[in-house]
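Hi everyone, thanks for making the time.

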Amino acid sequence: RALSKNYDDLTAIELLQLGKSVWEDVNKETLTQAVQYLNRCISLNPKNSTAYAVLADVYYAFIRNNIPLSSASEKSEDNIKKAIKIDPKNSIVITTKFWIEWDKGDAISSEVLAEEAIRSNPNEPWAIATYGWYLIINNVDQNKGKEYAGKALQYCEHPQGWYYWSFAE
(Lines give C-alpha, C1' and ligand atoms only; values in the text may rest on other atoms or scores of the structure.)
Protein backbone atom coordinates (compact mmCIF):
# COMPACT_ATOMS: atom_id res chain seq x y z
CA ARG A 1 0.00 0.00 0.00
CA ALA A 2 2.91 2.34 0.67
CA LEU A 3 3.84 2.30 -3.03
CA SER A 4 0.48 3.84 -3.91
CA LYS A 5 0.94 6.76 -1.51
CA ASN A 6 2.46 10.13 -2.23
CA TYR A 7 6.11 10.15 -1.07
CA ASP A 8 5.50 13.07 1.29
CA ASP A 9 2.63 11.19 2.98
CA LEU A 10 4.64 8.05 3.81
CA THR A 11 5.14 7.26 7.49
CA ALA A 12 8.51 6.31 8.97
CA ILE A 13 7.48 2.63 9.12
CA GLU A 14 6.35 2.66 5.47
CA LEU A 15 9.63 4.28 4.45
CA LEU A 16 11.56 1.63 6.42
CA GLN A 17 9.62 -1.16 4.70
CA LEU A 18 10.26 0.36 1.27
CA GLY A 19 13.95 0.70 2.13
CA LYS A 20 14.11 -2.95 3.20
CA SER A 21 12.42 -4.11 0.00
CA VAL A 22 15.67 -3.50 -1.88
CA TRP A 23 16.99 -6.81 -0.55
CA GLU A 24 14.84 -8.62 -3.10
CA ASP A 25 16.05 -6.68 -6.16
CA VAL A 26 19.54 -5.26 -5.75
CA ASN A 27 20.77 -2.87 -8.42
CA LYS A 28 22.05 0.70 -8.48
CA GLU A 29 18.58 2.21 -8.96
CA THR A 30 16.91 0.28 -6.14
CA LEU A 31 19.83 0.85 -3.76
CA THR A 32 19.78 4.59 -4.48
CA GLN A 33 16.03 4.67 -3.92
CA ALA A 34 16.40 2.70 -0.66
CA VAL A 35 18.94 5.27 0.58
CA GLN A 36 16.40 8.01 -0.13
CA TYR A 37 13.59 6.16 1.68
CA LEU A 38 15.74 5.33 4.68
CA ASN A 39 17.20 8.82 5.05
CA ARG A 40 13.65 10.21 5.03
CA CYS A 41 12.61 7.56 7.58
CA ILE A 42 15.48 8.64 9.83
CA SER A 43 14.58 12.31 9.44
CA LEU A 44 11.05 11.47 10.66
CA ASN A 45 12.29 9.20 13.47
CA PRO A 46 15.98 9.76 14.29
CA LYS A 47 15.87 7.22 17.15
CA ASN A 48 15.00 4.27 14.89
CA SER A 49 17.98 1.93 15.24
CA THR A 50 16.52 -0.48 12.68
CA ALA A 51 16.46 2.24 10.02
CA TYR A 52 20.12 3.04 10.63
CA ALA A 53 20.99 -0.67 10.47
CA VAL A 54 19.11 -1.21 7.22
CA LEU A 55 20.74 1.92 5.78
CA ALA A 56 24.14 0.53 6.80
CA ASP A 57 23.31 -2.69 4.97
CA VAL A 58 22.10 -0.81 1.88
CA TYR A 59 25.35 1.16 1.73
CA TYR A 60 27.28 -2.08 2.19
CA ALA A 61 25.21 -3.63 -0.63
CA PHE A 62 26.88 -1.17 -3.01
CA ILE A 63 30.22 -2.74 -2.01
CA ARG A 64 28.90 -6.32 -1.87
CA ASN A 65 27.53 -6.02 -5.40
CA ASN A 66 30.41 -3.99 -6.90
CA ILE A 67 28.22 -0.97 -7.60
CA PRO A 68 30.28 2.21 -7.42
CA LEU A 69 29.33 4.73 -4.74
CA SER A 70 31.89 7.01 -3.19
CA SER A 71 32.28 6.57 0.56
CA ALA A 72 29.82 3.65 0.73
CA SER A 73 32.07 1.89 3.22
CA GLU A 74 32.30 4.90 5.51
CA LYS A 75 28.55 5.55 5.29
CA SER A 76 27.83 1.91 6.09
CA GLU A 77 30.16 1.99 9.09
CA ASP A 78 28.75 5.32 10.36
CA ASN A 79 25.18 4.07 10.19
CA ILE A 80 25.85 0.74 11.91
CA LYS A 81 27.64 2.64 14.70
CA LYS A 82 24.60 4.91 15.09
CA ALA A 83 22.28 1.89 15.16
CA ILE A 84 24.37 0.16 17.82
CA LYS A 85 24.57 3.33 19.90
CA ILE A 86 20.77 3.74 19.84
CA ASP A 87 19.94 0.10 20.58
CA PRO A 88 22.77 -2.43 20.92
CA LYS A 89 20.28 -5.22 21.73
CA ASN A 90 18.17 -4.80 18.56
CA SER A 91 18.38 -8.13 16.72
CA ILE A 92 18.09 -6.46 13.30
CA VAL A 93 21.04 -4.23 14.18
CA ILE A 94 23.03 -7.26 15.31
CA THR A 95 22.03 -9.29 12.24
CA THR A 96 23.06 -6.43 9.96
CA LYS A 97 26.43 -6.31 11.69
CA PHE A 98 26.67 -10.09 11.17
CA TRP A 99 26.23 -9.81 7.40
CA ILE A 100 28.71 -6.97 7.08
CA GLU A 101 31.30 -8.86 9.14
CA TRP A 102 30.57 -12.09 7.22
CA ASP A 103 31.11 -10.31 3.89
CA LYS A 104 34.39 -8.93 5.22
CA GLY A 105 35.48 -12.49 6.05
CA ASP A 106 35.45 -12.15 9.84
CA ALA A 107 34.31 -15.66 10.81
CA ILE A 108 34.82 -15.21 14.55
CA SER A 109 32.80 -11.98 14.81
CA SER A 110 30.15 -13.50 12.56
CA GLU A 111 29.70 -16.52 14.80
CA VAL A 112 29.36 -14.36 17.91
CA LEU A 113 26.95 -11.97 16.18
CA ALA A 114 24.75 -14.77 14.78
CA GLU A 115 24.34 -16.21 18.28
CA GLU A 116 23.84 -12.78 19.84
CA ALA A 117 21.14 -11.85 17.31
CA ILE A 118 19.12 -14.97 18.03
CA ARG A 119 19.46 -14.46 21.81
CA SER A 120 18.44 -10.83 21.45
CA ASN A 121 15.14 -11.70 19.78
CA PRO A 122 14.42 -15.37 19.08
CA ASN A 123 11.27 -14.32 17.17
CA GLU A 124 12.87 -11.96 14.62
CA PRO A 125 12.58 -13.72 11.22
CA TRP A 126 15.72 -12.15 9.76
CA ALA A 127 17.81 -13.20 12.76
CA ILE A 128 16.27 -16.69 12.69
CA ALA A 129 16.87 -17.13 8.94
CA THR A 130 20.43 -15.82 9.31
CA TYR A 131 21.21 -18.14 12.21
CA GLY A 132 19.81 -21.13 10.33
CA TRP A 133 21.89 -20.26 7.28
CA TYR A 134 24.97 -19.78 9.46
CA LEU A 135 24.55 -23.22 11.06
CA ILE A 136 24.17 -24.88 7.66
CA ILE A 137 26.85 -23.00 5.67
CA ASN A 138 29.43 -23.64 8.39
CA ASN A 139 28.34 -27.26 8.84
CA VAL A 140 27.75 -26.62 12.55
CA ASP A 141 24.41 -28.42 12.79
CA GLN A 142 22.48 -29.12 9.58
CA ASN A 143 19.29 -30.28 11.31
CA LYS A 144 19.18 -27.35 13.71
CA GLY A 145 19.88 -25.00 10.77
CA LYS A 146 16.92 -26.43 8.82
CA GLU A 147 14.77 -26.11 11.93
CA TYR A 148 15.66 -22.42 12.25
CA ALA A 149 15.12 -21.85 8.53
CA GLY A 150 11.65 -23.39 8.77
CA LYS A 151 10.84 -21.32 11.84
CA ALA A 152 11.87 -18.14 9.99
CA LEU A 153 9.40 -18.97 7.22
CA GLN A 154 6.64 -19.51 9.78
CA TYR A 155 7.33 -16.13 11.38
CA CYS A 156 7.45 -14.15 8.13
CA GLU A 157 4.20 -13.66 6.24
CA HIS A 158 5.89 -12.65 2.96
CA PRO A 159 9.46 -14.04 3.04
CA GLN A 160 11.94 -12.74 0.52
CA GLY A 161 13.95 -15.13 -1.62
CA TRP A 162 16.99 -15.25 0.65
CA TYR A 163 14.89 -16.87 3.38
CA TYR A 164 15.28 -20.05 1.34
CA TRP A 165 19.11 -19.97 1.16
CA SER A 166 19.44 -22.42 4.04
CA PHE A 167 17.35 -25.00 2.21
CA ALA A 168 19.31 -24.42 -1.01
CA GLU A 169 22.57 -25.01 0.86
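I'll start with the overall fold and then turn to the aromatic rings.

A word on conventions: this is a predicted model, with local features needing pLDDT of at least 70 and side-chain atom pairs counting only at pLDDT 80 or more, while totals for chains, interfaces and linings use all residues. Residues are numbered from 1 along each chain as its sequence is written, and side-chain values use heavy atoms, leaving out hydrogens and water.

The protein chain has nine helices and zero strands; helices are DSSP runs of H or I with at least four residues, strands are runs of E with at least two, and both are numbered from the N terminus. Of its 169 residues, 47% count as buried, meaning under 20% relative accessible area with a 1.4 Å probe, protein chains only; over 50% is exposed, and in between is partly exposed.

Now, the rings. The structure holds nine aromatic pairs. Rings of Phe, Tyr and Trp (its six-membered ring) pair if their centres lie within 6.5 Å, with planes under 30 degrees apart called stacked, over 60 edge-to-face, and the rest tilted.

Phe98 and Tyr134 are edge-to-face, at 6.1 Å centre to centre and 85° between the planes. Phe98 sits in helix α5 (residues 91-103) and Tyr134 in helix α7 (residues 125-137), so this pair ties together parts 36 residues apart in sequence. Phe98 is buried at 0% relative accessibility, and Tyr134 is buried at 6%.

Tyr134 also pairs edge-to-face with Trp102, at 6.4 Å and 85°. Trp102, in helix α5, is 32 residues from Tyr134, and at 24% relative accessibility Trp102 counts as partly exposed.

Finally, ring pairs link Phe98, Trp99, Trp102, Trp133, Tyr134 and Trp165 into a cluster.
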